[in-house]
Amino acid sequence: MSLKRLLSSGNLRRQASSVEEIADLIEIVERDLKDASLKGLSPDRRFATAYNAVLQLAIVVLRSEGYRPAGLGHHATAIKALPLIMGKEVGEKADYFDACRSKRNVTDYGRAGEVSESEAVELLVEAQDFKEEVLAWMEANSQ
């Protein structure tokens, strides 16, 4: 997989971003991380909310580089593009987030009770760590 292939397939398109857009996306990430920490929510909802924070972080990475996911499967595209943009060292993390994407699909569209408490906590911790990683990457790659 390459960015060129994602572009030619129509899964990504070029589109300029702005500082304001990135800031707005980071605000969504912060909201979702806070909400995913709420103890009164079910593990399913906490997991889905933490997953959304991860998705928005992946979008931040794409938008920072002038890309936007397009068409069907935009969640998968955003996650698959992470190692292509940030480097191979995020490959395992992207694989984990892709597995979470599949699990989130089941819990949002298939069955309730599919997520354990430990899975919700694990994804929240991974999402919080990834936020710091993305922010550091943005700072290191800012023009």
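The points below are grouped by topic. The model is predicted: local features need pLDDT of at least 70, side-chain atom pairs count only at pLDDT 80 or more, and totals for chains, interfaces and linings use all residues. Residues are numbered from 1 along each chain as its sequence is written, and side-chain values use heavy atoms, leaving out hydrogens and water.

**Nonpolar core**
- A nonpolar core is a set of buried Ala, Val, Leu, Ile, Met, Phe, Trp, Tyr and Cys residues joined through side-chain atoms within 4.5 Å; buried means under 20% relative accessible area, exposed over 50%, partly exposed in between (1.4 Å probe, protein chains only).
- The largest such core has 40 residues, of which Leu82, Ile85, Met86 and Leu123 touch the most other members.
- Helix H3 gives the most to this core, with 12 residues (helices are DSSP runs of H or I, at least four residues, numbered from the N terminus).
- Leu82 is in contact (heavy atoms within 4.5 Å) with Ala58, Val61, Gly87, Val90, Ala94 and Phe130, not counting residues up to four places away in sequence.

**Salt bridges**
- The count is 11 salt bridges, each a side-chain nitrogen of Lys or Arg within 4 Å of a carboxyl oxygen of Asp or Glu.
- Lys103 and Glu119 form one of them, at 3.4 Å, N to O; this pair links helix H5 to helix H6, 16 residues apart.
- Lys103 counts as partly exposed because its relative accessibility is 24%.
- Arg31 and Asp32 pair at 2.9 Å, N to O; Asp32 is buried, at 4% relative accessible area.

Key: Helices (H or I, at least four residues) and strands (E, at least two) are DSSP runs, numbered from the N terminus.
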